[in-house]
Amino acid sequence: MNELRDKSGPRVERHRLVDRLFHWSMAACMLVLLLTGFLPILGIKFAWVDPHWIAGVVLTALVTFHILRSLIFLRPANIWIRWREFDEAFRATGKEVFGGPRRKRKIGKYSVGQKGFHHAVAVVALVAIATGLIMMIGIDGPFWERNPLLIAESSRGLVFVLHGFAGLASITIIMVHIYFAIRPEKRYLARSMLRGWISREEFHQNHDPEHWQQ
């Protein structure tokens with residue numbers, strides 16, 4: 001846990017600059033991909049193919065960077081969901097869950113919901129990237145010529161269906177993400193993705209120091 005300090009008081013660093021740049025770069029890529037992928041379907045005609053695959057390549061590079069950085073410089077265990085977290089996620093004052101009393105719960109750095117959301121984004125992004133790279137074989141690019149015959153006809157339909165499913169799932173994911181980001185009790189987390197920090201008071205109100213780095 002990195003502590004910062006300035007005129008406004010002590011702060012706790014939640015997101016480093018590199019993580020914030022990754023987040024907003026990925027958001028920009030997703031926006032371009034969704035607009036170029038769905039607007040033509042809605043009848044809005046424009047030259048969408050090049051912006052679409054370029055954004056897809058940039059997204060692929062970003063996700064690859066994130067995976068390598070997570071494996072080499074970060075602790076992947078920080079984002080895995082442990083069974084005890086499911087237990088604690090349901091505990092609140094007044095009732096019993098899994099044989100124990102409910103109590104006010106403080107999370108580590110990430111909640112069960114945030115970890116589950118990360119896993120959902122990872123699955124959808126990897127499906128979109130894998131199918132998108134396969135589909136690029138069917139278009140002309142600056143360093144390659146189209147050769148759709150490399151994709152077996154029996155597999156072509158499945159690739160398109162999976163890519164479309166990933167696109168539709170991305171819309172749902174973005175809507176859910178925005179909804180929770182603007183909720184009053186979560187705005188301090190949204191601010192941390194812009195500025196990188198939460199206040200010391202917000203840290204003690206919502207987070208368990210013992211589990212922050214787990």
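**Briefing: aromatic contacts and helix packing**

The structure holds 1 aromatic pair (Phe, Tyr or the six-membered ring of Trp, centres within 6.5 Å). Tyr-179 and Phe-180 form this pair. The model is predicted: local features need pLDDT of at least 70, side-chain atom pairs count only at pLDDT 80 or more, and totals for chains, interfaces and linings use all residues. Numbering runs from 1 along each chain as its sequence is written, and side-chain values use heavy atoms, with hydrogens and water left out.

**Rings**
- The pair of Tyr-179 and Phe-180 is edge-to-face, at 5.0 Å centre to centre and 75° between the planes; planes over 60 degrees apart count as edge-to-face, under 30 as stacked and the rest as tilted.
- Tyr-179 is partly exposed at 43% relative accessible area, and Phe-180 is partly exposed at 44%.
- Buried means under 20%, exposed over 50% and partly exposed in between, with a 1.4 Å probe and protein chains only.
- Arg-11 lies over the face of Trp-197, 3.6 Å from the ring centre; this requires CZ of Arg, or NZ of Lys, within 6 Å of the centre and within 35 degrees of the ring normal.

**Helix H4**
- Helices are DSSP runs (H or I, at least four residues), numbered from the N terminus.
- H4 covers residues 112–135, and its end C-alpha atoms are 35 Å apart.
- Its 24 residues should span 34 Å at 1.5 Å a residue, which agrees; the expected span is 1.5 Å times one less than the number of residues.
- Buried residues of H4 include Val-112, Lys-115, Val-124 and Ile-129.

**H2 against H4**
- H2 (residues 49–72) and H4 pack at about 135°, with axes 10 Å apart.
- Axes are lines fitted to C-alpha atoms over the stretch in contact, and angles run from 0 to 180 degrees between N-to-C directions.
- H2 and H4 are therefore oblique to each other; angles under 35 degrees count as roughly parallel, over 145 as roughly antiparallel, 65 to 115 as roughly perpendicular and the rest as oblique.

Terms used. Helix = DSSP H or I, 4+ residues; strand = E, 2+ residues; numbered from the N terminus.
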